[in-house]
Amino acid sequence: MIQAQRKRNWTAAEDETIRKLRSEGATWARIASALSLSRYRVMEHGRRIGAERPRPEVVEAEAPDRPPLPAGHPLTWDLLTSGTVLEGSKYPLPVFLN
């Protein structure tokens, strides 16, 4: 049997905590944990008071008419090898002089 939730009187400090943490990008679970409340209850109240995550920054795309970069271009090679055992190595064919 589902029990009805009792009405909760939210304080201004709790509202401010929800808004602050949410504006910093915190998840509802983290905020609920900080307030020792259920995630669902915090989500409902947070939405009611307008606590939203910041929107991600929009990065402008490159010009769509730019020709493709050739194989081994330093920019693309670095992107492909970043975080791998090849990171920092030069392209194996002598196409570009790094």
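## A tour of salt bridges and a surface patch

Start with lysine 20 and glutamate 24: their side chains meet in a salt bridge, 2.9 Å from N to O. The model is predicted. Side chains of opposite charge can pair when their charged atoms come close.

Lysine 20 has a relative accessible area of 45%, so it counts as partly exposed. Glutamate 24 is partly exposed too, because its value is 49%.

**Next stop: the other pair**

How many salt bridges does the structure hold? Two. For the second stop, select arginine 8 and glutamate 14. Their side chains form a salt bridge with an N to O distance of 3.0 Å.

Now check the cover on each partner. Arginine 8 is partly exposed, at 24% relative accessibility. Is glutamate 14 buried or exposed? Glutamate 14 has a relative accessible area of 15%, so it is buried. The cut-off for buried is under 20%.

**Last stop: the nonpolar patch**

Clear the selection. Pick Leu69, Leu75 and Leu79. These leucines make up a nonpolar patch on the surface.

Zoom in on leucine 79. Where is leucine 79 found? Look at helix 4, which spans residues 74-81. Leucine 79 counts as exposed because its relative accessibility is 65%, and the cut-off for exposed is over 50%.

To finish, show both kinds of site at once. Colour the lysine 20–glutamate 24 salt bridge, then the arginine 8–glutamate 14 salt bridge.

Technical notes. Residues are numbered from 1 along each chain as its sequence is written. This is a predicted model: local features need pLDDT of at least 70, side-chain atom pairs count only at pLDDT 80 or more; totals for chains, interfaces and linings use all residues. Side-chain values use heavy atoms; hydrogens and water are left out. Patches are made of residues with over 30% relative accessible area and no salt bridge: like charges are joined within 9 Å, nonpolar side chains (Val, Leu, Ile, Met, Phe, Trp, Tyr) within 5 Å. Accessible areas come from the Shrake-Rupley method with a 1.4 Å probe; for residues, only the protein chains shown count as cover. A salt bridge is a side-chain nitrogen of Lys or Arg within 4 Å of a carboxyl oxygen of Asp or Glu. Helices (H or I, at least four residues) and strands (E, at least two) are DSSP runs, numbered from the N terminus. Buried means under 20% relative accessible area, exposed over 50%, partly exposed in between (1.4 Å probe, protein chains only).
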